[in-house]
Amino acid sequence: MKSLVDLPLHVLEGLTVYVVPPAATVRETSVTAVRPGPKGPLLELAGIGDIAAARSLCGTTLLVRAEDLPEGFDEADFDPIGLEVIDDVRGSLGTVSDVIVTGANDVWVVDGPLGQILLPVIEDVVRSVDEDARTAEVTLLPGLIDGD
C-alpha cells in the first residue's frame, strides 16, 4: 500500500475516500480541502464538521480506489536491495542487503568481500545507479571501510 502523502496536495481534493475499520460499516466521504500540516497533509472531509466527528476517525485508515488515483501513482519506487556496488578504486564491494532510513539520507548496508559497509546515499558517495544493470558506482569516503 502506498501513502497518499506521496501525491501533490491539490490532487487529494475531491477524492472519494473510504474510512475503515470497521469493515462492516465502511463509510464513504470525500476530501473537500487539504493543506500542509506539521506531520503531513491535513484533510477536511465531507460530513466531518465538529471535533466529535473528527475524533471518531482516530485509528482509522482512509482508502481510495486505485482507478481514482492519478496516472503513474502506482509505479513502484526504486528498490536498491540486490544492487551490486562497485567502487572506482576497489572494484566490487558486494550487494545492498538493507536500507537504513535516517532523517538526513538513506544508508545502504552493503555485504561483500570487505565485510559489511554502511554506505551513505549522498552525491559525494553514490556517483551513478544503473537500474537496468542493477549496479551502483560509488566513491568511498575515507573511514567507511575499516583500516582506511
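Arg127 and Glu137 form a salt bridge, their closest N and O atoms lying 3.0 Å apart, where a salt bridge means a side-chain nitrogen of Lys or Arg within 4 Å of a carboxyl oxygen of Asp or Glu. This pair links distant parts of the chain, with Arg127 in strand S9 and Glu137 in strand S10 (residues 135-138), 10 residues apart. Salt bridges that share partners join Asp88, Arg127 and Glu137 into one network.

This is a predicted model, in which local features need pLDDT of at least 70 and side-chain atom pairs count only at pLDDT 80 or more, while totals for chains, interfaces and linings use all residues. Residues are numbered from 1 along each chain as its sequence is written, and side-chain values use heavy atoms, with hydrogens and water left out.

| Pair | Distance |
|---|---|
| Arg127 and Glu137 | 3.0 Å |
| Arg127 and Asp88 | 2.9 Å |
| Asp87 and Arg90 | 3.4 Å |

Arg127 lies in strand S9 (residues 126-130) and Asp88 in the loop between strand S5 (84-87) and strand S6 (91-101), so their pairing ties together parts that are 39 residues apart in sequence. Asp87 counts as buried at 3% relative accessibility, whereas Arg90 is partly exposed at 36%; buried means under 20% relative accessible area, exposed over 50%, and partly exposed in between, with a 1.4 Å probe and protein chains only.

Across the chain there are two helices and 10 strands, taken as DSSP runs (helices H or I, at least four residues; strands E, at least two) numbered from the N terminus. Buried residues make up 24% of the 148 residues.
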